[in-house]
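Here is a short tour to read alongside the sequence and the model. Take a look at both, then follow the headings below.

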Amino acid sequence: MQVDILQVATIVALVVLAAAWYLSYSASRLDRLHAKVEGAVSALDAQLVRRAEATLELATSGAVDPATSLLLADAASGALERHTHHPLSHDLLDGQNFAGREHTETDLTDALKAALTPETVAELRADPQGPGSDALARVEASALRAQMARRFHNDAVREVRRVREKWFVRLFRLAGRAALPEPVEFDDDLPPAVVD
Amino acid sequence: MRIGLVCPYAFDVPGGVQFHVRDLAEHFTAQGHEVGVLAPVDDPVGDLPAYVTSSGRAVPVRYNGSVARLTFGPVTSSRVSRWLEEGEFDVLHLHEPVTPSASLMALWASSEPVVATFHTANLRSRAMHAANPLLRPSTEKIRARIAVSEEARSTVVRHLGGDAYIIPNGVDTGRFTPSGETTRFSGTAERPVLAFLGRIDEPRKGLSVLTDAMPAILDAVPGVRLVVAGPGDVDEIRGALDPRVRAATEFLGAVSEADKVDLLRSADVYVAPHTGGESFGIVLVEAMAAGAPVLASDLCAFTAVLGDGPDGPAGATFANGDSPALSQAVVELLRTPDERSRLRDLGLRRARSFDWDVVAERVMAVYETVIDGADRAPLDPIQRPGLLSRLRWPARGES
């Protein structure tokens with residue numbers, strides 16, 4: 001049997017082309033997934049900042065008692081401080097681990113749960129024109145959105161990680177220098193009295 | 001906001017997903033948003049709301065165990081692209097995106113931020129597993145997944161991996177608000193009324209569980225009336241009943257919306273003996289909104305709708321399919337008016353959280369979160385670490 005060099009070369013070239021196309025397709029797919037994680041993490045970041053700001057506003061509105069006010073202000077400024085001192089860098093995936101903010105955000109969730117008892121919520125809502133009611137509505141809105149944003153972020157992280165586990169992605173380093181994104185886990189439950 | 005909604009099933013054929021899309025579209029339009037709906041249409045010359053664009057004639061196809069009316073093919077494909085191009089939507093909200101119809105094609109063609117709602121609780125794994133590698137790159141475009149119930153959510157988790165945020169189906173609870181008027185269904189202390197709603201010849205609606213429980217209920221409360229509203233062969237079902245139960249049961253056949261509302265408003269106990277296959281108990285929400293004390297089988301979908309707040313669930317439950325337990329629970333409820341009025345109050349409050357006002361606000365919050373993330377994603381064209389920088393070989397010292 002005679003081997004036609006030209007034929008073999010053509011087949012090899014085609015296979016190489018197909019492989020190259022697939023690799024570049026996978027790389028851009030991975031890039032899109034990384035961009036989605038970046039969008040999701042910055043949306044989460046924005047909602048958490050809004051949640052802390054609204055909590056601070058509620059604390060200083062004068063609509064809650066001094067002890068509650070102090071409790072809320074402490075947790076909210078803790079979260080804001082942590083955000084300012086450890087901002088997410090411009091490359092959100094560069095060593096992205098949510099800057100260790102999970103603890104302060106859980107603390108804020110706990111403080112909101114402790115402060116917003118059914119009685120307090122009923123009292124704040126009883127005066128719809130009051131400053132407390134407005135701040136409470138904003139706490140509620142941002143906490144709800146933070147909850148959503150965290151779920152959506154973690155979904156996006158799972159998708160990136162699944163693609164990055166593929167052998168050819170690792171072999172050809174298609175993820176380049178982008179750090180492996182981590183899911184963000186903290187307690188983001190809304191105070192039960194607010195949901196009801 | 002410019003919102004594009006895509007419904008995979010023929011819009012002019014009644015169905016849960018279609019109603020959901022219609023209500024959502026009308027709610028957001030009323031709030032001043034610009035809403036477009038893309039859906040297959042069965043009857044091209046029929047009357048359609050102005051916001052609906054046809055993605056093509058629906059074809060009946062057997063998919064996922066039942067016959068659905070779907071569209072696909074090149075005509076649909078070009079209509080989907082044109083609709084997306086002309087719509088310039090800020091957000092695209094697809095319903096049932098893994099059904100082979102308009103939603104999947106819109107997902108494939110889209111470049112806008114995508115939100116997807118999963119309705120079904122019984123997705124067949126065969127099709128999903130076979131198509132998964134093909135679907136994966138498309139489903140990765142979805143930025144937010146919504147499930148209408150816990151069961152729909154676990155279907156998503158099982159078949160697509162990842163998670164979904166639960167936002168229940170909406171109900172226009174205002175239509176059911178108790179009026180206090182006496183209707184032809186209203187009971188008295190001696191003749192209390194039990195209500196059943198649903199197809200009478202479909203076993204999973206559980207009418208037989210209730211009729212089997214009736215003799216024991218009649219023993220304890222002889223005057224009880226059972227009112228059954230729902231289509232099916234009445235003569236056949238009635239003929240098979242115990243004569244005493246037959247005398248106590250009224251079959252209404254298929255009822256109008258107004259009669260349904262009246263029945264739920266008048267019922268002393270609304271019984272939901274469904275034995276399975278329910279992804280979401282809309283009828284339970286309607287009963288609660290109408291002020292009917294609810295007694296339901298303990299399906300996951302139902303216990304989720306009844307909730308478990310600080311005051312306990314907003315309805316009583318009994319073990320699924322267990323007629324003796326059902327009769328015991330009914331008798332107990334009929335004998336304790338206080339418990340019924342407690343459940344009624346809890347139900348009225350619980351129903352409010354399924355009102356379209358509340359549900360649509362949550363869906364809007366998802367849109368905002370997603371648009372927020374999409375706007376931020378390419379941080380700054382220069383600063384954003386693009387494809388090339390990620391591909392750059394790590395410099396020495398870096399890992």
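## Terms and the helix of chain A

Helices (H or I, at least four residues) and strands (E, at least two) are DSSP runs, numbered from the N terminus. In chain A, residues 6-25 are 100% helix and 0% strand, and the end C-alpha atoms of this span lie 28 Å apart. An unreviewed UniProt entry annotates residues 6-25 of chain A as "transmembrane region"; positions from UniProt follow the numbering used here, feature names are shortened, and annotations may be inferred rather than shown by experiment.

This is a predicted model, in which local features need pLDDT of at least 70 and side-chain atom pairs count only at pLDDT 80 or more, while totals for chains, interfaces and linings use all residues. Residues are numbered from 1 along each chain as its sequence is written, and chains are lettered from A and ligands numbered from 1 in the order in which they are written.

## Chain B as a whole

Chain B holds 15 helices and 15 strands, and its C-alpha trace spans about 85 × 55 × 40 Å along the principal axes. Of its 399 residues, 47% are buried (20 or more other C-beta atoms within 10 Å of the residue's own; exposed means 12 or fewer, partly exposed in between, with C-beta atoms placed from the backbone).

An automatic or database domain assignment divides chain B into domain 1 (2-170 + 369-374) and domain 2 (173-352). The C-alpha centres of these two domains of chain B lie 33 Å apart.

## Helix α12 of chain B

Helix α12 (residues 323-335) of chain B has 13 residues and reaches 18 Å between its first and last C-alpha, close to the 18 Å expected at 1.5 Å a residue (1.5 Å times one less than the number of residues). Which residues of α12(B) are buried? They are B:S323, B:L326, B:S327, B:A329, B:V330, B:L333 and B:L334. They sit on the same side of α12(B) because they cover an arc of only 165° around the axis, taken from the directions from the helix axis to the C-beta atoms. On the other side of α12(B), B:P324 and B:R335 are exposed.

## Two residues with positive phi

Two loop residues are worth a look. A:R173 is not a glycine, yet its phi is positive, near 50°; it lies in the loop between α6 (167-171) and α7 (192-195) of chain A. A:R173 is partly exposed, with 13 other C-beta atoms within 10 Å.

B:E96, also not a glycine, has a positive phi of about 50°. B:E96 is found between β6 (91-95) and α3 (102-109) of chain B, in a loop. Is B:E96 buried or exposed? B:E96 is buried, with 22 other C-beta atoms within 10 Å.
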